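Here are my notes on this one, in the order I'd look at things. Have the structure open while you read.

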Amino acid sequence: MTDQTRFLLNESDLPKFWYNINADSPVPPTPVLHPGTLEPVTPDFLSVLFPMDLILQEISTERYIEIPEEVREIYKLYRPTPLIRARRLEKALGTPAHIYYKNEGVSPSGSHKPNTAVAQAFFNKRCGTKAMTTETGAGQWGSALAFACHAFDLDLEVYMVKVSYQQKPYRRNMMEVYGSKVYASPTDRTEYGRSVLAADPDNPGSLGIAISEAVEVAATSNGTKKYGLGSVLNHVLLHQTVIGEETLKQMDMANEYPDVVIGCVGGGSNFAGIAFPFLRENLKNGRRTRLLAVEPTATPSLTKGVYTFDYGDTAKMAPVVKMHTLGHGFIPPSIHAGGLRYHGMAPTLCGLYDAGYIEAVAVKQLSTFEAAIQFAQTEGIIPAPESAHAIRTAIDEALDAKAKGEKRVILFNLSGHGNFDMASYEAYLSGKLVDYEYPAEAIREAMKDLPQVQPA
Ligand SMILES: Cc1ncc(COP(=O)(O)O)c(C=O)c1O
């Protein structure tokens, strides 16, 4: 045991491989279906949206996939990221638990998202793509891809959920600084956006709608533009595993091993990124770490959604996958964790959750901000509201350990900083935020509009 606070790796310790859970997962993958025919998709269908290198990663069962040198060069701007023992938070809680966090907020755009953005831009460039399209909720993904596209000399258009565009003007400016074009979705630039605006000119937007717009632009570009997704897909989860691979080495430096690993979940990528390497250790090396995904009670895909086939987007243009879903028509309440507002969840994560390899919990908005403030006041970092969900749960675990007099080792992923989220903090501090639980009735209603997939 040491009294060290920061556990830092050298540049030479940067992982050379991403870890692919599909090599070891005890849960067989479920098919990805064409949104029109509901038959399994072909690489041809996917190649309208994605470059072949990423499609091959999507379906790969190879355990380790090499990180190209060009990607590692850019990772070196911010990786390996620090692992920090939250000693001051532990003291404030009076807990015997040890709390560690991996700080992904040190990346250029402030979150874990560049881990996949840089890889996606690289593989697009290598496959001859000239321009990319994407959506963004909180703006974290859009700014990460904007940074990455500039690094590989690709143009980028970003469809930003309107409510976030209004709440977070500086995120938009950040994307523009990196050289990208940003539009408030729904826009009048796409057929789908125009149809949404015709039905409701004040539509606040949703990730599902923004995805539809970005997909439509790529799909109708005659192959000149490809689409990038910041979460949900296997190749995205794969790229994020650099987080967990580094953390395993850093926990070793601390001479400890986590009893529980915690991450917030929107589409599932930062959680998978930290958790999958620990899941490998559970599956193959007899470890018994609990893996705990945290979502808001306002968008409870895992804890209240139905595990079934659903469309990935609102306009039914993206593939149909089996996941825990609130229904593709989900218009989320305007909670202040824009990045967690997706109606579904990564299918790989859902399969593992359904089979009991992963746990999930939903937390309320107000107690999440309370935890964020406690973390900021003890550890100094203002967390992204998304990441604050993981902090809430880490604190709850630490208090539970205290009540039981247990020494528990708790690890969470600090997926991003909240320096651009001051409007959310302002709303919380001035008492404008309220708790919200997504009604079970709305989920039941949404299930009437699911695709009619025949059992295999
Ligand atoms: C800081 C931060 N954390 C978490 C998320 C949720 O995404 P995911 O579940 O893919 O990690 C987002 C999404 O935008 C984010 O910006």
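1. Start in the sheet: Met160 stands opposite Ala184 in strand S8. S7 and S8 (residues 181-185) run parallel and are joined by five bridges. For the terms, strands (E, at least two residues) and helices (H or I, at least four) are DSSP runs numbered from the N terminus, and two strands pair if DSSP finds at least two bridges between them.

2. Before going on, a word on what you're looking at. This is a predicted model, where local features need pLDDT of at least 70 and side-chain atom pairs count only at pLDDT 80 or more, while totals for chains, interfaces and linings use all residues. Residues are numbered from 1 along each chain as its sequence is written.

3. How is S7 placed, buried or exposed? Six of its seven residues (155-161) are buried, so S7 is largely enclosed by the rest of the structure. Buried here means 20 or more other C-beta atoms within 10 Å of the residue's own, with exposed at 12 or fewer, partly exposed in between, and C-beta atoms placed from the backbone.

4. Zooming out, the open sheet has four strands in the order S8-S7-S6-S9, with parallel pairing. S8 and S9 (225-227) are the edge strands, each pairing on one side only. From one strand to the next, the twist averages 25°, using axes fitted to C-alpha atoms and angles from 0 to 180 degrees between N-to-C directions.

5. S6, H6 and S7 build a right-handed β-α-β unit. Right-handed means that, with the strands pointing away from the viewer, the path from the first strand over the helix to the second runs clockwise.

6. Now the ligand. Its shell holds 21 residues, the closest being Gln140, Ser231, Gly266, Gly339 and Gly416; a residue counts if its C-beta atom, placed from the backbone, lies within 6 Å. Helices H6 (140-151), H13 (269-285) and H17 (385-404) each supply at least two of the shell's residues. H13 gives the largest share, three residues.
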